[in-house]
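This report covers core packing, ring pairs and surface. The model comes first.

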Amino acid sequence: MTPVMWVSSSLDDIRKLPVNVRDTIGFALYLAQCGEKHAAAKPLKGFSGAGVLEVVEDHRGNTYRAVYTVRFAEVVYVLHVFQKKSKSGIKTPQHEIELIRDRLKLAQSHYEEYTHGKR
């Protein structure tokens with residue numbers, strides 16, 4: 001099974017979510033580890049291809065999102081977990097997209113070190 005790596009504060013952030021939201025995200029990550037895709041996982045707009053996915057889960061009128069990448073063959077990276085606070089539209093706010101891009105770069109660097117150490 002492919003390991004999951006948590007980028008930056010994503011592990012701490014997921015621990016703060018309601019239990020049923022954590023369960024949905026956790027199951028989506030488990031499926032990603034197995035090479036499958038959860039029904040609620042969709043490609044995140046603004047990132048080429050289907051390598052960056054988001055899981056959106058609603059709970060008591062609030063919307064929560066987890067963004068992860070399966071771009072790397074040997075690791076699933078959780079890039080960002082957050083509560084969407086904007087009440088207008090479903091679009092992910094630009095500052096969140098920028099944070100995800102920065103964390104994707106961190107994941108890329110980590111992956112290069114991770115796979116280099118396995119050679």
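## Packing around Ile 25

Leaving aside neighbours within four places in sequence, Ile 25 is in contact (heavy atoms within 4.5 Å) with Ile 14, Leu 17, Val 55 and Ala 66. The model is predicted: local features need pLDDT of at least 70, side-chain atom pairs count only at pLDDT 80 or more, and totals for chains, interfaces and linings use all residues. Numbering runs from 1 along each chain as its sequence is written, and side-chain values use heavy atoms, without hydrogens and water.

## Nonpolar cores

A nonpolar core is a set of buried (under 20% relative accessible area, 1.4 Å probe, protein chains only) Ala, Val, Leu, Ile, Met, Phe, Trp, Tyr and Cys residues joined through side-chain atoms within 4.5 Å. The largest has 16 residues; Leu 17, Ile 25, Leu 29, Val 55, Tyr 68 and Val 81 touch the most other members. Helix 2 (19–33), strand 3 (52–59), strand 4 (62–69) and strand 5 (76–84) each supply at least two residues. Helix 2 gives the largest share, five residues. Helices (H or I, at least four residues) and strands (E, at least two) are DSSP runs, numbered from the N terminus.

A second, separate core has 15 residues, including Phe 47, Leu 79, Ile 97 and Ile 100.

## Aromatic pairs

Rings of Phe, Tyr and Trp (its six-membered ring) pair if their centres lie within 6.5 Å; planes under 30 degrees apart count as stacked. There are three aromatic pairs. Phe 27 and Tyr 30 are stacked, because their ring centres are 6.3 Å apart and their planes at 20°. Both lie in helix 2, three residues apart, about one turn of the helix.

Notes: Buried < 20%, exposed > 50% of the residue type's maximum accessible area, 1.4 Å probe, protein only. Phe/Tyr/Trp six-rings, centres within 6.5 Å; stacked < 30°, edge-to-face > 60°.
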